[in-house]
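Please have the sequence and the structure open while I talk.

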Amino acid sequence: MKKKRILLKIGSNTLTKETNNISRGKIEDIANQIAKLQDTCEFIIVSSGAIAVAKQFVKLESKQKDVFVKQALASIGQPHLIRIYQEIFREYGLLTSQCLLSYSDFEKQESKTNIVNTINVLVNNSYVPIINENDTVATDEIKFGDNDKLGALTASLLNADLFIIATNTNGIYTKESIENGTPKTIELVEDFNQLKNQVVNSKSTHGTGGMQSKIDAISVAKQSNVETWIVNGLEDNFITNAFENKIPFTKIK
């Protein structure tokens, strides 16, 4: 039986549970769900959080531009982030590996082929690849949004069956419901252009993404016919609950 390939993108807000520290409990929640689903699904994770981890340990003194400080923080935080994933996933019998990608890797045919081949070897050997942007050389995550686009490009390149964006809302809400202060989830989107009109621009607290970066990501995934789900990653069991339709989330066919 062919396993369902899932690209799971986890933003900083989900990983920190909207606090200033990485939540080990949240990473346990993700590991637990992946372990439960491993007979039917294979997972590839695009994870933010390197800068958030570094901020727990250090305060950098610098007269440099903010972006260089963030890159330096990413460089300090990334190995810590991977170590936390490694330790926790191991407790659930899961193996992890780190892959750092840059946007320029998606522009060259040779590097695209290399990414696909490497990740396929990892996944076929039961490793969960954990991808982040190579922040020390690139400023795109810092500029372009919380790895949403990186997740979408990776999902497309790896022919994922499903792209799940874990965020801090119950999917995408209708514009009207947000204006009324009673957020109502758009459960199924069949007309993407209609969705664009519903988006209210709001940034998440930790991440650099907001709903607009989600829309851009969905549009990239859609071009490759990858179905996207926007799910509230702050909830426990958000993946398994979404599969069983127990929670409100947005599904973009």
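Is glutamine 78 buried or exposed? Before I answer, please note that this is a predicted model, in which local features need pLDDT of at least 70 and side-chain atom pairs count only at pLDDT 80 or more, while totals for chains, interfaces and linings use all residues. Residues are numbered from 1 along each chain as its sequence is written, and side-chain values use heavy atoms, with hydrogens and water left out.

Glutamine 78 is buried, at a relative accessible area of 8%, where buried means under 20%, exposed over 50% and partly exposed in between, with a 1.4 Å probe and protein chains only. It lies in helix 4, residues 66–91, helices being DSSP runs of H or I with at least four residues and strands runs of E with at least two, numbered from the N terminus. Beyond its neighbours within four places in sequence, glutamine 78 is in contact (heavy atoms within 4.5 Å) with Ala50, Gln98, Leu100 and Asn132.

Turning to helix 5, its buried residues are Ser111, Ile115, Val116, Ile119, Leu122 and Val123. They cover an arc of only 140° around the axis, taken from the directions from the axis to the C-beta atoms, and therefore sit on the same side of helix 5. What covers them includes strand 3 (95–101) and helix 7 (148–157), whereas Gln109, Glu110, Val121 and Asn124 are exposed on the other side.

Lastly, serine 213 is in helix 10, residues 211–223, and counts as buried at 11% relative accessibility.
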